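The points below should be read beside the sequence and the model.

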Amino acid sequence: MEMKNFDEKLYQKSKKELSKKSKFLGHYYSPILTALKQFLKNFKNKNVFEIGYRTSLFLEYLKTKGVNAYGIDINPEIINKNLFKISIEKLSSKFLKENK
């Protein structure tokens, strides 16, 4: 894999884009979105699996961009009906096989 430098301009663009949705998103998730954009260019129909998502804002945002966004959290109260719902205890081998 080619080593890339962090793209500061793309970071600022990502931060601005996410901040329109939420200051929280812009602050915490803009580095992640920048990395996705740098390495994947087009991440539509790609699988993203976030462990310990606490809030589903970023996953919901990714879904609006055509990403297959999934999340798992140890706290069963942190569930969003639009996201993949599963507890750590019930994480199936089928999911792992389908999303390598």
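**Notes on the predicted model**

1. Residue E17 is partly exposed, since its relative accessible area is 21%, and buried would require a value under 20%.

2. With which residue does the side chain of E17 meet in a salt bridge? The partner is K37, at a distance of 2.6 Å from N to O. The pair links distant parts of the chain, as E17 belongs to helix α1 and K37 to helix α3, 20 residues apart. A search of the whole structure finds 1 salt bridge.

3. Is K37 buried or exposed? K37 counts as buried because its relative accessibility is 16%, and the cut-off for buried is under 20%. Leaving aside residues up to four places away in sequence, K37 touches L10, S14, E17 and F43.

4. Helix α3, which spans residues 30-40, contains K37. The buried residues of α3 are S30, L33, T34, L36, K37 and Q38. What covers them includes α1 (8-19), α2 (23-28) and α4 (57-64). Two of the listed positions, T34 and K37, receive separate comment in this note. As background, an α-helix has 3.6 residues a turn, so residues three or four places apart point the same way.

5. T34 is also placed in helix α3. T34 counts as buried because its relative accessibility is 0%. Apart from residues up to four places away in sequence, T34 touches F6, D7, L10, Y11 and S14. T34 and F6 are 28 residues apart in sequence, while their C-alpha atoms are 8.2 Å apart in space.

6. What follows helix α3? The residue there is K41, whose phi is positive, near 60 degrees.

7. Strand β1 (residues 47-51) and strand β2 (residues 68-72) pair in the parallel sense over 5 bridges. The chain passes from β1 through α4 to β2, and this β-α-β crossover is right-handed. Within the pairing, V48 has A69 of β2 as its bridge partner.

8. Helix α4 also holds L57. L57 counts as partly exposed because its relative accessibility is 33%. Together with F24 and Y28, L57 makes a nonpolar surface patch of about 270 Å².

9. Taken as a whole, the chain has 5 helices and 2 strands. From the N terminus on, its elements run α-α-α-β-α-β-α. The chain holds 100 residues, of which 33% are buried. Among contacts with a separation of 6 or more, 37% come from residues 24 or more positions apart. The chain exposes about 7300 Å², and carbon and sulfur atoms supply 53% of that area.

Note on methods. Residues are numbered from 1 along each chain as its sequence is written. This is a predicted model: local features need pLDDT of at least 70, side-chain atom pairs count only at pLDDT 80 or more; totals for chains, interfaces and linings use all residues. Side-chain values use heavy atoms; hydrogens and water are left out. Helices (H or I, at least four residues) and strands (E, at least two) are DSSP runs, numbered from the N terminus. Buried means under 20% relative accessible area, exposed over 50%, partly exposed in between (1.4 Å probe, protein chains only). Contact means heavy atoms within 4.5 Å. Patches are made of residues with over 30% relative accessible area and no salt bridge: like charges are joined within 9 Å, nonpolar side chains (Val, Leu, Ile, Met, Phe, Trp, Tyr) within 5 Å. Accessible areas come from the Shrake-Rupley method with a 1.4 Å probe; for residues, only the protein chains shown count as cover. A salt bridge is a side-chain nitrogen of Lys or Arg within 4 Å of a carboxyl oxygen of Asp or Glu. Two strands pair if DSSP finds at least two bridges between them. A crossover is right-handed if, with the strands pointing away from the viewer, the path from the first strand over the helix to the second runs clockwise.
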